[in-house]
Amino acid sequence: MRRIFAIGLLVSLLLTGCALPERGKQQHQATFLDLFDTVTTISGMTDSEENFRQRVGQIHDVLQRYHQLFDIYNEYPGLNNLKTVNDHAGIGPVQVDTEIIRLLLDCREYDELTGHTVNVAMGSVLELWHEARTAGIDDPEHAALPEEAALRKAAAHTDWAAVEIDEEAGTVFLTDSELRLDVGAVAKGWSAQRAAEAAPEGFLISVGGNVCATGPKDDSGTPWVVGITDPNGGSGYLHTLYNRDSAIVTSGDYQRYYEVDGKRFHHIIDPQNLYPAERFRSVTVICGDSGLADALSTALFILPQPEGKALAKKCGAEAMWLDTEGNRFYTDGFEDWICQ
């Protein structure tokens, strides 16, 4: 697949932090539009644009491989991906790359850890919402919700017991012919974490708002500065945060959504009632692992705030909630990360 990107020098406070770059080095940024159906931005300090292009190309290729492996909509020549697994539900096991097995094993742990609020086996339910959202965006005058009966029927086919993972054989088999996998709540953060682990120190990788720092931006320890988007729009941020070597992930209701009869319906579905969660506008999580942070940001968006706070503490993560009335709630250590 062709890389689609642009490179430039960054001069804003948000991306350059609070100190001047090292002598002989400049900060560069590459933006890609061909990964995970979102905007991916990679920043780093290097001594030349050529050096940066080489390093960022390697990061892109890692992310592109995960994009293809975890895609549930498209096929790729010579590759068994999650679409292949879904297409063989109820038919037989599918030989897959070890990274698919690794992701699914982590997803099973996230499902148990979050009390089943982040269940990637809910693909049959999420597919109904995806189809309704796509149709509603294409034809707003006829936008409609999924049928209640169809949602309930799909919800009967979301049990992890029907996901058979054979690590020794390297296969995945969905024994329920109507179960579908959808790893959208985890894949971007999980993939960003793997890319960060393989990247040089001093890079900042953002995959659709899943932000990983591979170390401070320079040898003096200057932190990266990451902004938390205000769901109400405008040029400002809810906060800007220091980041040297952690993941910062935000889930919100303001990007993938459509409207029916004047009401917004976003993409984060509560498995309890099968409708978009309505407690918060956004949740931001800071964690040492981007895959876990991605799962937690979804879980904390769905759960009541006290339960979410307890879960964040259990996982050693920090979090901020913005509710529908504009109130902000924080874990005890979150404010230590705030730049302004």
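Visitor: Why does glycine 333 count as buried?

Guide: This is a predicted model, and in it glycine 333 has 14% relative accessibility. Buried means under 20%, so glycine 333 counts as buried. You'll find glycine 333 in the segment after β18 (328-330). In space, glycine 333 and glutamate 318 are 6.2 Å apart, C-alpha to C-alpha, while in sequence they are 15 residues apart.

Visitor: What makes the pairing of the side chains of serine 220 and aspartate 218 a polar contact?

Guide: Distance is one part of the test: the N or O atoms have to be within 3.5 Å. Serine 220 and aspartate 218 pass with a side-chain contact of 2.6 Å. The side chain of serine 220 also joins that of threonine 222 through a polar contact, this one of 3.2 Å.

Visitor: Histidine 157 sits in a loop too. How do you know whether histidine 157 is buried or exposed?

Guide: The relative accessible area of histidine 157 is 16%, and the buried label needs a value under 20%, so histidine 157 is buried. That loop runs between α6 (148-155) and β5 (163-166). Leaving aside residues up to four places away in sequence, histidine 157 touches Ala121, Ser124, Asp176, Glu178 and Leu179. With aspartate 176 there is a side-chain polar contact of 2.8 Å.

Visitor: What makes you say that α8 is largely enclosed by the rest of the structure?

Guide: Count its buried residues: 13 of the 13 are buried, so α8 is largely enclosed.

Visitor: How do you know the reach of α8 is close to the expected one?

Guide: Set the two values side by side. Helix α8 (residues 290-302) reaches 19 Å from its first C-alpha to its last, and 18 Å is expected at 1.5 Å a residue. At the start of α8, a side-chain oxygen of aspartate 289 comes within 2.9 Å of the backbone nitrogen of glycine 291.

Visitor: Which kinds of residues make up the lining of the second largest pocket?

Guide: Eight are charged, three polar and four nonpolar. That pocket has a volume of about 220 Å³. Of its 15 lining residues, Lys25, Met45, Glu201, Lys217 and Asp219 are the closest to the centre. Both β3 (38-46) and α2 (49-69) supply at least two residues of the lining.

Definitions and conventions: Residues are numbered from 1 along each chain as its sequence is written. This is a predicted model: local features need pLDDT of at least 70, side-chain atom pairs count only at pLDDT 80 or more; totals for chains, interfaces and linings use all residues. Side-chain values use heavy atoms; hydrogens and water are left out. On a 1 Å grid over the protein atoms alone, a cavity is a set of points where a 1.4 Å probe fits but cannot get out, and a pocket is an open set with protein on both sides within 12 Å along at least five of seven lines; lining residues have an atom within 4 Å of a point. Grid points are joined across faces, edges and corners, and a volume is the space filled by probe spheres set on the points. Helices (H or I, at least four residues) and strands (E, at least two) are DSSP runs, numbered from the N terminus. Ala, Val, Leu, Ile, Met, Phe, Trp, Tyr, Cys and Pro count as nonpolar, Asp, Glu, Lys and Arg as charged, and the others, Gly among them, as polar. The expected span of a helix is 1.5 Å times one less than its number of residues. Buried means under 20% relative accessible area, exposed over 50%, partly exposed in between (1.4 Å probe, protein chains only). A polar contact is a pair of N or O atoms within 3.5 Å; within protein, one must be able to donate a hydrogen and the other to accept it, and residues adjacent in sequence count only if both atoms are side-chain atoms. Contact means heavy atoms within 4.5 Å.
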